[in-house]
Amino acid sequence: MRFKSRYLLCELVLEDPRWRQNISQGTVVYNVREAIARTHGDFGAAACAVSLSVKYLNVYTGVLLLRCRKDFYQLLWSSLPFITSLDNRGQRIPCFINTLHVGGTIRTCQKFLIQYNKNQLLQLMKNCTNAAEKEAIRQSLQSCSLKSLEEPEFVLSKNEENE
Amino acid sequence: MAVFVDLNITNCKDVKKLQNMIEMAAHLGYSTVAINHVFEFESKKMEIGKPISTKELFSTLPTVQGKSIPIKILTRLTIIASDPSHCNVLRSTSPSTRLYDIVAVFPKTEKLFHAACTSIDVDLICINVTEKAPFFFRRPPINAAIQRGIFFELVYTPAIKDSTLRRYTISNALSLMQVCKGKNIIISSGAERALEMRGPYDIATLGLLFGLTEGVAKAAVSTNCRSAVLHGETRKTAFGVVYTVKKTCLEEEEAEPVCKKAKKS
């Protein structure tokens, strides 16, 4: 039997974007667990701990993909707003998590993310000042499609999903 | 799909900070925000200041995430009322309150809460979330408020900041929900920094903790806010019945059915 999951596609918004580089998947999982325990107590922590994991973390854009059992994803989701800082090896990084999309499979989240990033690039194009920047963004816009983005990371996570 | 609205961004002197907050709101997907001017009476004769003008803040307004329209900025006045005389500002047709798009009142006592629900001309009633509710919410005033189309506002920033405040917020929200059954509730941020804001979908799930159902919680950040804004607009019109549009040729056609409706009710 296949266990159904929910995937939460989130965005890490930090006060200073340079700190993104120091964040690892372990840090995020630890902080999310803490937040669930704070808001929903022992029951919530236990219910969400069953299959809670970070499937994908992009340190350049701050996008992360959280997985949770379908029955309890609302416990996870309702505790995400209470995260105000990430504890990273004794360092406190003020941040918050903004949910972009909730999906049943990684694939739908991936599709959404590509669409979202395309929009982001269009926004960048609007604010361009010179022609060289504009051309660079146009190139990257044309290059992004579902096929070309199937990096090893995504293939890996897909295999896990099928198991 | 309804658009998302955040009706409470705290006004501060620091223009840069305010700009940051509004940019963040646009990034999170809010289409309309209201800058909140809190006004507390200290001496008897105090004039309500003019709202901050949006043209001074931005030369070009930031674009809303996922849409191609610029963000809309409204102004809001919140009066902290601890004495009945404080509400006189709202009763008279004073020119200072007319400058604001939305008028809210923060009643400190049960009597004032009753008055705010039944007689004072406001759009929003703020619910105290930072301490234990000083009075019980009773059914008659709240029903009267729902009848008049006044909305109750819950602020979520204190809940994010601190664990004790979170308990007060949730318990006060639940005791309110017991009476009003999820009707006429709006949830807004009350943010003082950009990092205290949350995305609209996150707030909708946060509503589950406040005892709202999924659909109602989503309405609390979208459609209910829109009704509150429209309720504020009616103050600027004649008796709140006739709404004039700038296009002169359409005015006659539109004014007639509205009048007929008013006669019937």
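**Entry 1: the interface.** I began with a definition: a polar contact is a pair of N or O atoms within 3.5 Å; within protein, one must be able to donate a hydrogen and the other to accept it, and residues adjacent in sequence count only if both atoms are side-chain atoms. This is a predicted model, where local features need pLDDT of at least 70 and side-chain atom pairs count only at pLDDT 80 or more, while totals for chains, interfaces and linings use all residues; side-chain values use heavy atoms, with hydrogens and water left out. Residues are numbered from 1 along each chain as its sequence is written, and chains are lettered from A and ligands numbered from 1 in the order in which they are written.

How many residue pairs are in polar contact across the interface of chain A and chain B? I found six, both residues of each pair at pLDDT 80 or more. For salt bridges (a side-chain nitrogen of Lys or Arg within 4 Å of a carboxyl oxygen of Asp or Glu), my count between the chains was zero.

Next I looked up who takes part: 24 residues from chain A and 21 residues from chain B are in contact (heavy atoms within 4.5 Å). The two chains bury about 2000 Å² between them, 60% of it on carbon and sulfur atoms. Buried area is the accessible area (1.4 Å probe) that two parts lose on being put together, summed over both. Pro81(A), Phe82(A) and Phe96(A) supply 33% of the area that chain A buries against chain B, more than any other three residues.

**Entry 2: strands of chain A.** Helices (H or I, at least four residues) and strands (E, at least two) are DSSP runs, numbered from the N terminus. Two strands pair if DSSP finds at least two bridges between them. I saw β1(A) run antiparallel to β5(A), joined by eight bridges, with Tyr7(A) partnered by Gly103(A).

Entry 3: I traced an open sheet of seven strands in the order β1-β2-β3-β4-β5-β6-β7 (chain B), with parallel pairing. Its edge strands, β1 (4-10) and β7 (185-188) of chain B, each pair on one side only. Four bridges join β6(B) to β7(B), and Leu154(B) stands opposite Ile187(B).
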